[in-house]
Amino acid sequence: MLRRDLVKTGAGVSLLSLLGAGARAAHADAPGAPAPTGAFDASTVRRIAERLSRSAYRAPDQTLPSAIDSLNFDQYRSIAYREDQALWHGQNLAFDVEFFPRGFLYRPRIEIYEVADGKSSPVPYSPDLFTYGDPKLKVADNVGFAGLRLRYAINTPGVMEEFCVFLGASYFRAVAKGQNYGLSARGFADGTGNPKGEEFALFRAFWLEKPQPGVDSVVVHALLDSPSVAGAFSFTIRPGDMTVFDVQSYVYPRTKIDEPGIAPLTGMFYFDANDRNHVDDWRPAAHDSEALSIWTGSGQQLWRPLRNPRDLQFSAFSDNSVRGFGLMQRKRAFADFEDLALNYEKRPSLWIEPIGDWGAGAVDLVEIPTPNEVNDNIVSFWRPGGGLAAGKEYAFTYRMYWGWDTPWPTRLARIAATRVGAVTDDPAARFFAIDFSGAPFDNLPPDARFHLVPSSSAGTIRNVVVEPDPAIHGWRTTFEFAPGDAKIAELTCVLANDAGPVSEQWTYRWTP
């Protein structure tokens, strides 16, 4: 899929017409009933979602005036929101909000409301909210919005900057201080990697709670909708050195969902030193994220370097009460990428911390072949065991950390690099070099020794070497992998001393 593309749906209706006449008048006849305008509290969107789930899906409006019906990328980019028209602009608040026009890939009309003093009201649309590179693109119709961006003085006091965007299907992304956009998150995934195709749910409405003066957090509510599921999300967002989202979500399946994805993460991995066999590029690497990291319910810490495979790869890491997982970017030096324009070293890692016990399930990883760095080809999420049944309510609460690393330090040694290359005298074999760095190597005695504990589901691991790496104040391990007749193999290793493992567990899927 193209990066942050919006999946097209059918003929559209508004949220008001979908809810019916009873809901349209609810705030007048029954205070607190689920209506998109009027009285609003923390349960309002949840009640709307539950009601929606009991009726057939009807897509939001996608019709556009002819002048903007076929916008290309450059035309769409030329339509810019006026900064002085931002919601809450000039009101001495820590945040303001700008909105995206409809058109190009972003056709559905997304309904947006402001919540103040316990009541919600629509954010009014006007074509005068935007400037236009081509005056012909300004139409008088009440077209409405496609999404929103949140702004905050995240880098420089008094200078408002975009740090979070909700745009396209249920996609959203954010950055911490000093970062550039990279990977995205989604509200929900359904059937990711399935040959039958994936269903993309849509955030079809947002409610923006007006923050109080002096408060450095903002609350955004979102209504999720698709043919298979409706849902309610509440995001409490705190930007800074680590930008944190507290997420409360409720999903209401219309049908049984066999392959649900909770807290989905989506990014791009094109190539790096562990996987560049079919890439001819002058840079050392190009990716949003370099690995999937998992902290299991039993206390293991796993590190799975990403790949751009020749064929789609699906991996499932079964677990019970998972402590956290994320798509991580550890390479933070310009020399790691050498890209002046894209600055991959400044792209955020995104860590998911479940709040409460999520029970049995798996952290899934989908790796899709891509011929370039334009496509999002990596997806990871939590898949609850047994799927989701129709007609029930499911609650998932979690915390998202957008930043430079995991939110907590670890005493374990960490994977600093994975490099893979040819073996001179065996064309079928591969040479692996894995660097470890971190706390276990602080204040080591001169006679310190470590050994590698490797394993493989197929083939043979041979010629293992472990030696100090003074350049990173760590240790380097190397080995050769001879696959034999294997077509796929799962490789793992940990660094250990006489007392036991001292590192996170490296895990790698080899394919020809």
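Modeller: Let us begin with charges over rings: a charge sits over a ring if NZ of Lys or CZ of Arg is within 6 Å of the ring centre and within 35 degrees of the ring normal. Here the charged end of R283 sits over the ring of W282, 6.0 Å from the ring centre, and R46 lies over the face of Y250, 3.9 Å from its centre. The model is predicted, so to speak for its reading: local features need pLDDT of at least 70, side-chain atom pairs count only at pLDDT 80 or more, and totals for chains, interfaces and linings use all residues. Residues are numbered from 1 along each chain as its sequence is written, and side-chain values use heavy atoms, with hydrogens and water left out.

Colleague: How many aromatic pairs does the rule give?

Modeller: Rings of Phe, Tyr and Trp (its six-membered ring) pair if their centres lie within 6.5 Å, and planes under 30 degrees apart count as stacked, over 60 as edge-to-face and the rest as tilted; by this rule there are 42 aromatic pairs.

Colleague: Why is the pair of F245 and W402 called tilted?

Modeller: Their ring centres are 5.7 Å apart and the planes stand at 45 degrees, so the pair is tilted. F245 and W402 also belong to one aromatic cluster, together with F166, F172, F203, F206, F233 and F235.

Colleague: Is F245 buried or exposed?

Modeller: Buried means under 20% relative accessible area, exposed over 50%, and partly exposed in between (1.4 Å probe, protein chains only). F245 has 0% relative accessibility and therefore counts as buried, and W402, with a relative accessible area of 0%, is buried.
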